[in-house]
Amino acid sequence: MTTAFDVEPLALGAEAADLLFREARTANTFTTEPVTGQQLAAIYELTKWGPTAFNSTPLRVVLVQTSEARERLLPHLTEFNRSKTAVAPVVAILAADTEFVDHLPTLAPHMGDPTRIFPDLAQREQFARFNATLQAGYFLVGIRAAGLAAGPMSGFDQAAVDAEFFADGRFRSLVVVNIGHPAPDAYRPRGARLDYEQAVTVL
């Protein structure tokens, strides 16, 4: 049950806060109801506005929908994750583009030559991973905003997924996300969270 304290300080209404945060959980099973291309496009169009350093937006999304693509992905997941990924309506591989600098003249024209700031691959990869991970969080909230459920997974062989889907070495996988309409048994009981006083230090 929400209280006045939960809702009144927020500009977001209680229903939206529940949809995006309080009632949302990781889904483990999905119905057979399809996810539409319009929904997937709307998720990206919403979440692309999340902030990143230098407006770099290095997140890249590969939507695995065909049976052939799914069969390429499944062997690289942990055994626990394979069965649910095999039947999820859509699976997204979220990755970081290590050559995000190619787009900076458009995304951040005020920077001038971006190679001055990112002279080597290791530096670019670290920067891309951090900012794409921020965007991955926005993407999960976007899935919820579309009325869908997300099942993010880190249980996979990143090197193998990269070799299978990103053979040119430009992208680095971060997380695999199952997307769909939650089945009745989709959720485990809600886990505990730390209280404000436990997690926040005011200086």
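**Chat on a predicted protein model**

Tutor: The secondary structure of this protein comes to nine helices and four strands. Keep in mind that the model is predicted.

Student: What pattern do they follow along the sequence?

Tutor: The order is α-α-α-β-α-α-β-α-α-β-α-β-α.

Student: And what does the C-alpha trace span along its principal axes?

Tutor: The span is about 50 × 50 × 35 Å. The accessible surface of the protein comes to about 11,600 Å², and carbon and sulfur atoms hold 59% of that surface.

Student: How much of the protein is buried?

Tutor: Of the 203 residues, 40% are buried.

Student: Which residues touch the most other members in the largest nonpolar core?

Tutor: They are L94, I143, V177 and I179, in a core of 26 residues. Two or more residues each come from α3 (37-47), β2 (90-97), α7 and β4 (171-180).

Student: Which element gives the largest share of this core?

Tutor: Helix α7 does, with six residues. Another core lies apart from this one and has 19 residues, including I93, A95, F156 and V161.

Student: What share of the contacts with a separation of 6 or more comes from residues 24 or more positions apart?

Tutor: That share is 78% for this protein.

Student: New topic: polar contacts. Which side chain joins that of E125?

Tutor: The side chain of R172 does, through a polar contact of 3.3 Å. E125 lies in helix α7, residues 121-145. Not counting residues up to four places away in sequence, E125 touches T98 as well as R172.

Student: Now L74. Where is L74?

Tutor: L74 sits in the loop between α4 (67-73) and α5 (79-87).

Student: Is L74 buried or exposed?

Tutor: L74 counts as buried because its relative accessibility is 11%, and the cut-off for buried is under 20%.

Student: What does L74 touch, beyond residues up to four places away?

Tutor: L74 touches R82, T85 and A86. From L74 to A86 the C-alpha distance is 7.1 Å, with the two residues twelve apart in sequence.

Student: Why does F21 count as partly exposed?

Tutor: F21 counts as partly exposed because its relative accessibility is 49%. The cut-off for exposed is over 50%.

Student: And L203, buried or exposed?

Tutor: L203 is exposed, because its relative accessible area is 99%. L203 lies in the segment after α9 (196-199).

Student: What separates the C-alpha atoms of L203 and G142?

Tutor: A distance of 33 Å separates them, with the two residues 61 apart along the chain.

Conventions: Residues are numbered from 1 along each chain as its sequence is written. This is a predicted model: local features need pLDDT of at least 70, side-chain atom pairs count only at pLDDT 80 or more; totals for chains, interfaces and linings use all residues. Side-chain values use heavy atoms; hydrogens and water are left out. Buried means under 20% relative accessible area, exposed over 50%, partly exposed in between (1.4 Å probe, protein chains only). Contact means heavy atoms within 4.5 Å. A polar contact is a pair of N or O atoms within 3.5 Å; within protein, one must be able to donate a hydrogen and the other to accept it, and residues adjacent in sequence count only if both atoms are side-chain atoms. A nonpolar core is a set of buried Ala, Val, Leu, Ile, Met, Phe, Trp, Tyr and Cys residues joined through side-chain atoms within 4.5 Å. Accessible areas come from the Shrake-Rupley method with a 1.4 Å probe; for residues, only the protein chains shown count as cover.
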